[in-house]
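Let's take a walk through this one together, starting where the chains meet and then moving on to the individual parts. Keep the sequence and the 3D view open as you read.

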Amino acid sequence: MPAATYAGHEVEVNEEGFLTQSDQWTEEVAKAIAEESGIGPLTDKHWEVIAFCRKDAEAQGTPPGLRRISKLSGVNMKELYQLFPKGPGKLAAKVSGLPKPQGCI
Amino acid sequence: MPTATIEQPTTATAPPVTLEKPERKPIEAVSIICSKGTLDMAYPGLILANAARMSGIDATLFFTFWGLDIVTEKKIDHLHTATVGNPSMPIPTMIGGLPGMETLASLMMKKEMGKLEIPPVREMIEMLSDAGAELYGCRMAMDMFKLDRSDLVPQVDDVISAMDFFDKSAGAQVLFI
């Protein structure tokens with residue numbers, strides 16, 4: 001399994017750069033992934049999305065799809081696309097240290 | 001009689017054979033032509049467009065012919081699954097033609113899609129619009145069906161010709177559904 005170093009932390013990632021151990025995630029790691037993925041500095045809204053994704057993934061056992069995030073996190077679909085213009089479906093999970101969601105919605 | 005000298009071609013050294021695959025570039029934009037109005041043919045285009053946007057790929061949708069039903073205010077909530085003329089339908093055509101069968105099959109399909117958290121067509125269209133996908137009605141098909149801009153759902157950005165559609169699809173992968 002390839003390893004990556006984010007903000008001085010060594011973490012395990014898959015070929016697409018998603019963390020394979022979500023407990024290796026820290027806020028510093030999130031900031032470094034955001035920087036690397038072109039999301040830029042994380043705002044309060046980003047943190048709101050990240051907190052929801054991590055909590056929901058823990059409860060459900062799978063990372064939430066985008067529709068689920070928009071319905072339950074308090075951040076709507078338009079805002080999600082503004083926060084992650086390069087693809088919120090993948091990037092919200094990536095920056096939250098979760099696997100790539102399997103759903104298409 | 002004129003004569004010509006034909007020179008023997010010199011043996012050129014063949015370029016070395018490389019087995020490396022050419023590097024593939026990520027898709028940057030997709031343009032999807034939705035030409036069918038049944039429930040089972042509406043979803044593929046909408047789901048593909050949504051998946052594209054979720055991955056940061058630009059998506060343009062062009063609704064033409066029966067595909068206009070997907071964005072027509074009076075039809076959008078009443079799209080049906082075809083029970084007749086659909087070889088994949090697991091019921092015989094004769095039974096599929098009985099009154100009420102199409103409604104029943106459509107209800108069942110909607111229920112199954114609901115279980116997978118796939119939203120109704122109207123919500124899919126709203127989602128796509130919020131996601132920044134561009135939605136267009138086909139002018140010629142609109143004229144043929146005597147439809148007006150006001151007959152379409154508000155998420156449709158414009159009514160355009162097929163030539164305009166191709167202009168807007170510059171550099172995009174075009175899919176026909």
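**Where the chains meet**

Start with the contact between the two chains: chain A puts in 16 residues and chain B puts in 15 residues, where contact means heavy atoms within 4.5 Å. Before going further, bear in mind that this is a predicted model, in which local features need pLDDT of at least 70 and side-chain atom pairs count only at pLDDT 80 or more, while totals for chains, interfaces and linings use all residues. As for bookkeeping, residues are numbered from 1 along each chain as its sequence is written, chains are lettered from A and ligands numbered from 1 in the order in which they are written, and side-chain values use heavy atoms, with hydrogens and water left out.

How much area do chain A and chain B bury between them? The figure is about 1,300 Å², with 59% of it on carbon and sulfur atoms. Buried area here is the accessible area (1.4 Å probe) that two parts lose on being put together, summed over both. On the chain A side, A:Arg67, A:Tyr81 and A:Ile105 supply 44% of the area buried against chain B, more than any other three residues.

Now for the polar side of things. Six residue pairs are in polar contact across the interface of chain A and chain B, both residues being at pLDDT 80 or more. A polar contact is a pair of N or O atoms within 3.5 Å; within protein, one must be able to donate a hydrogen and the other to accept it, and residues adjacent in sequence count only if both atoms are side-chain atoms. Three helices of chain A, namely α3 (66-72), α4 (77-83) and α5 (88-95), each supply at least two residues of the side that touches chain B. Helices (H or I, at least four residues) and strands (E, at least two) are DSSP runs, numbered from the N terminus. Of the elements on that side, α3(A) gives the most, with four residues. By type, the residues of chain A that touch chain B split into seven nonpolar, three polar and six charged. In this scheme Ala, Val, Leu, Ile, Met, Phe, Trp, Tyr, Cys and Pro count as nonpolar, Asp, Glu, Lys and Arg as charged, and the others, Gly among them, as polar.

**Following the charges**

Side chains of opposite charge can pair when their charged atoms come close. A salt bridge is a side-chain nitrogen of Lys or Arg within 4 Å of a carboxyl oxygen of Asp or Glu.

Within chain B, B:Glu73 forms a salt bridge with B:Arg122, the closest N and O atoms being 2.8 Å apart. B:Glu73 lies in the loop between β2 (58-63) and α2 (93-96) of chain B and B:Arg122 in helix α4 of chain B, so the pair ties together parts that are 49 residues apart in sequence. B:Glu73 is partly exposed at 34% relative accessibility, and B:Arg122 is partly exposed at 24%.

B:Thr81 lies in the loop between β2 and α2 of chain B and is buried, at 4% relative accessibility. Leaving aside neighbours within four places in sequence, B:Thr81 touches residues including B:Leu39, B:Met89 and B:Met109.

B:Ala49, in helix α1 (residues 39-54) of chain B, is buried with a relative accessible area of 0%. Beyond its neighbours within four places in sequence, B:Ala49 is in contact with B:Ile32, B:Ala59, B:Leu61 and B:Leu128.

Finally, strands β1 (residues 3-6) and β2 (residues 9-12) of chain A pair in the antiparallel sense over four bridges; two strands pair if DSSP finds at least two bridges between them. A:Ala3 stands opposite A:Glu12 in β2(A).

Technical notes. Buried means under 20% relative accessible area, exposed over 50%, partly exposed in between (1.4 Å probe, protein chains only).
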